[in-house]
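Biologist: I am new to this one. Could you show it to me and take some questions?

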Amino acid sequence: CILASEDFVKLREARGLNEPVTRVNHSQIELGTLLGGGAFSNVFEIKTSLTDDIDKNQCVVKVLRKRVLNRTKLFTACAVGLLREGS
């Protein structure tokens, strides 16, 4: 299960990756326990889902760190990394 922003969905489509991708708003989920993290992001379990499109037992949420969002080149590199992970 891949949860993505609209930009991520467009990036996947541009690369010819046509698997279903569910767009989720923050208001539709409640993050649970921190499962892990790296230099650029943290991964959380989904504690609660308010949409039937998400099976909280099979999906996680990867959240980019704030410092990544302000650096265009770093953000692009992270987006490509997410794209590879979701493929």
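What follows is a short exchange about this predicted model.

Biologist: Which pattern do the helices and strands of the protein chain follow along the sequence?

Modeller: The protein chain holds three helices and five strands. Read along the sequence, their pattern is β-α-β-β-β-β-α-α.

Biologist: In what order do the three strands of the open sheet lie?

Modeller: Take the pairs in turn. Strand S3 (residues 29–37) is joined to strand S4 (residues 41–49) by six bridges. Five bridges join S4 to S5. The pairing is antiparallel, and the order is S3-S4-S5.

Biologist: Which strands are at the edges, and what is the average twist from one strand to the next?

Modeller: An edge strand here pairs on one side only. That describes S3 and strand S5 (60–64). From one strand to the next, the twist averages 40 degrees.

Biologist: What holds strands of a sheet together in general?

Modeller: Strands can pair in a parallel or an antiparallel way. Either way, the pairing runs through backbone hydrogen bonds.

Biologist: How many residues lie between S3 and S4?

Modeller: The two strands run antiparallel. Leu31 stands opposite Ile46 in S4, and Gly37 stands opposite Asn42. S3 and S4 form a hairpin, and the number of residues between them is three.

Biologist: Now the other side of S4. Which residue in S5 is the bridge partner of Ser41?

Modeller: S4 and S5 run antiparallel. Val43 has Lys62 as its bridge partner in S5. For Ser41, the partner in S5 is Leu64.

Biologist: Is Ser41 buried or exposed?

Modeller: Ser41 sits in strand S4. Beyond residues up to four places away in sequence, Ser41 touches Lys62, Val63, Leu64 and Arg65. Its relative accessible area is 9%. The cut-off is under 20%, so Ser41 counts as buried.

Biologist: And Asn42, buried or exposed?

Modeller: Asn42 also lies in strand S4. Its relative accessible area is 18%. That falls under the 20% cut-off, so Asn42 is buried.

Biologist: With which side chain does the side chain of Asn42 make a polar contact?

Modeller: Leave aside the neighbours within four places in sequence. Asn42 is then in contact with Leu34, Gly36, Gly37, Val61, Lys62, Val63 and Arg65. One of these contacts is also polar, side chain to side chain, at 3.1 Å. The partner is Arg65.

Biologist: How far apart in space are Asn42 and Leu64?

Modeller: In sequence, Asn42 and Leu64 are 22 residues apart. The distance in space runs from C-alpha to C-alpha. It comes to 6.6 Å.

Biologist: Let us turn to a helix. Is Cys78 buried or exposed?

Modeller: Cys78 has its place in helix H3, residues 72–85. Its relative accessibility is 9%. With the cut-off at under 20%, Cys78 therefore counts as buried.

Biologist: Which residues is Cys78 in contact with, leaving aside neighbours within four places in sequence?

Modeller: Consider Ser41 to begin with. Cys78 and Ser41 are 37 residues apart in sequence and 8.8 Å apart in space, C-alpha to C-alpha. The contacts of Cys78 outside its sequence neighbours are Phe40, Leu64 and Val68.

Biologist: Back to the whole protein chain. What percentage of its residues count as buried?

Modeller: The protein chain exposes about 6,200 Å². Carbon and sulfur atoms supply 50% of that area. Of the 87 residues, the buried part is 25%.

Biologist: Last one. Among contacts between residues at least 6 apart in sequence, what percentage join residues at least 24 apart?

Modeller: The Cys78 and Ser41 pair is 37 residues apart in sequence. For the contacts you ask about, across the protein chain, the value is 33%.

Definitions and conventions:
Residues numbered from 1 in each chain as written. Predicted model: local features only at pLDDT ≥ 70, side-chain atom pairs only at ≥ 80, totals over all residues. Heavy atoms only, no water. Helix = DSSP H or I, 4+ residues; strand = E, 2+ residues; numbered from the N terminus. Buried < 20%, exposed > 50% of the residue type's maximum accessible area, 1.4 Å probe, protein only. Contact = heavy atoms within 4.5 Å. Areas by Shrake-Rupley, 256 points an atom, 1.4 Å probe, with all protein chains shown as cover. Pairing = 2+ DSSP bridges. Polar contact = N/O pair within 3.5 Å; in protein donor to acceptor, adjacent residues only side chain to side chain. Axes fitted to C-alpha atoms, helices over the stretch in contact; angles between N-to-C directions.
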